[in-house]
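Reader: I would like to learn how to read a protein model. Please take one feature at a time.

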Amino acid sequence: MALQTIVVGAGLAGLSAAYELVLAGQEVQVFEARERLGGRVHTVQLSAGQYGDLGAEFVDDCHTALINYAAKFNLKLDPACQFPDDLYWYVDGMLKTQESFSGEQQTALKSLSEKLQLLVEKQLAPQQTLDEWLEKNQLAPFAKWVARLSARSLFATDPELIGIRFFTYSNTLGTSGYNMRIRGGSSRLVDALAKVLGERVHTKSPVRRIQQIENNLVSVSVETVNGLVEAQANSVIIAIPWSILRQIPIIAPLTDSQQAAISQLPYGSLVKTLLQYPYRFWSKPNFGITLLDAEYQVVWEPSFAQMGAERILSCFSGGSRSIELSENAVELAIATVRYMYPEAPPILTSRSYDWNADEWAKGAYCYFKPGDLARFNPHLMQRAGQIFFAGEHTAPVEYRGYMEGAIRSGQRAAQQVLEFVK
Ligand SMILES: Cc1cc2nc3c(=O)[nH]c(=O)nc-3n(C[C@H](O)[C@H](O)[C@H](O)COP(=O)(O)OP(=O)(O)OC[C@H]3O[C@@H](n4cnc5c(N)ncnc54)[C@H](O)[C@@H]3O)c2cc1C
């Protein structure tokens, strides 16, 4: 007998979709390739009872779908950073806040921000990469430096690749500048959703082929310990990154635009390294978020609200630099911290993860090249017959690359399925 819905992928998008369908009384099965759930949400334990996130971590105050789930599952949100107060820049061998920039630097930043804002307000979408746009607009060297650093540190890609229109979304995030973390780590939300779904979720079950067949059914080939098994359902929600989907045969009424988007949507590269130190060695109470132009471009302290004298620093490297450093990721993270804080003691322990090398992610999150936002956007969340799509890349554009986007996309895909079966 056919199932009502199969969900492919148990990241936050797939789990949210399955959860909403179960609440609506639908019969659902979820197939996940890995042994663990959560995909790009991956909390790990360090020593002394502390934890860190190798994947998603920050929750902005405008991420209401996540905040609502957290309230529903009784998960606590700890304060993380308040911008601009907690934002530091390591420039010319010194830590600076926006306030301590020179007059010239402040003018350069103001001009960058106004020019980006103008693109948003006038809905302009020049067919240029960030780098091309910076050159064309003759921005001051400091403004260019900041913008290029933002491409690497926020979008995990290079300024020569990201389209200027997609980059402007960093300017319009709609947050009041306050962000949080899920107490216990982001995987606590994954665990809460998985608990409701129970035995409907199957790990170590990669999907190898998806085919719309006759009788209004979709057939999914799942690799199990007993070989390939065919599972059939009235509808299928595909909630995996398209960096992976493009390797899986899909026989379905996909439009040319959908096929182009599946095969071409690019993903950034990202290495995240957690360093645990025996004690705090910086003077400010909250380490905040420090941006710098080195192998790693962002360093912050995820252990701010955790018990114990030990402190963790999280180091983030995005774009092509992350690919270059991945073999010596821990050593280079230690060197990056020492570059700013020569007095840093030896670490207690570390964990590092290269998302570009991850078999089931093959990248950090999606970004858009010049022109691709207009070309792909209308097609990312459209169904193809009885096949529906979820995942951060199919979320409203301002939530792409966030847990919020994954959750919203899962909720939307569940709603599409419910409307379809009505
Ligand atoms: C290092 C890093 C830092 C981040 N930081 C933040 C942050 O601070 N805040 C924030 O909000 N977001 C952050 N994000 C983004 C956030 O992690 C993602 O947007 C979100 O988790 C994506 O969820 P998803 O369900 O769309 O995809 P995924 O989490 O990738 O889930 C897809 C699932 O599908 C599985 N899968 C793949 N192929 C198959 C197959 N063939 N068969 C079955 N299963 C398959 C995968 O194993 C995975 O479990 C970060 C991401 C990274 C990588």
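Reader: How far apart do the C-alpha centres of domain 2 and domain 3 lie?

Author: Domain bounds come from an automatic or database domain assignment. Here the C-alpha centres of domain 2 and domain 3 lie 25 Å apart. The contact takes 8 residues from domain 2 and 13 residues from domain 3; two residues are in contact if their C-beta atoms, placed from the backbone, lie within 7 Å. As for the ranges, the assignment gives domain 1 as 3-40 + 187-266 + 365-421, domain 2 as 103-171 and domain 3 as 268-364.

Reader: How are the residues numbered, and what kind of model is this?

Author: Residues are numbered from 1 along each chain as its sequence is written. The model is predicted: local features need pLDDT of at least 70, side-chain atom pairs count only at pLDDT 80 or more, and totals for chains, interfaces and linings use all residues.

Reader: Which strands form the open sheet, and in what order?

Author: Strands (E, at least two residues) and helices (H or I, at least four) are DSSP runs, numbered from the N terminus. Two strands pair if DSSP finds at least two bridges between them. In this model, 3 strands form an open sheet in the order β5-β9-β6, with antiparallel pairing. At the edges are β5 (59-60) and β6 (77-82), each of which pairs on one side only. Between β5 and β9 (residues 178-182) there are 2 bridges, and Asp60 has Asn179 in β9 as its bridge partner.

Reader: Which residues of helix α2 are buried?

Author: A residue is buried if 20 or more other C-beta atoms lie within 10 Å of its own, exposed if 12 or fewer, and partly exposed in between, with C-beta atoms placed from the backbone. In α2 (residues 64-72), the buried residues are Ala65, Leu66, Tyr69 and Ala70. Seen down the axis of α2, they fall within an arc of 140°, so they line one face of the helix. The arc is that of the directions from the helix axis to the C-beta atoms. On the other side, Thr64, Asn68, Ala71 and Lys72 are exposed.

Reader: What do the buried residues of α2 pack against?

Author: Their partners are β5, β6, β9, α7 (187-197) and α13 (403-421). Just after α2, Asn74 takes a positive phi of about 60°.

Reader: How many residues lie between β11 and β12 in their hairpin?

Author: There are 3 residues between them, and Asn215 in the turn has a positive phi of about 60°. The two strands, β11 (residues 207-213) and β12 (residues 217-224), run antiparallel and are joined by 6 bridges. Ile213 has Leu217 as its bridge partner in β12. With β14 (residues 250-251), β11 runs parallel, joined by 2 bridges; Gln211 stands opposite Ile251 there.

Reader: Is Val41, in a loop, buried or exposed?

Author: Val41 lies in the loop between β2 (28-31) and β3 (43-45). Val41 is buried, because 24 other C-beta atoms lie within 10 Å. Leaving aside neighbours within four places in sequence, the contacts of Val41 include Gly11, Leu12, Ser187 and Met403. Val41 and Leu189 are 148 residues apart in sequence and 9.2 Å apart in space, C-alpha to C-alpha.
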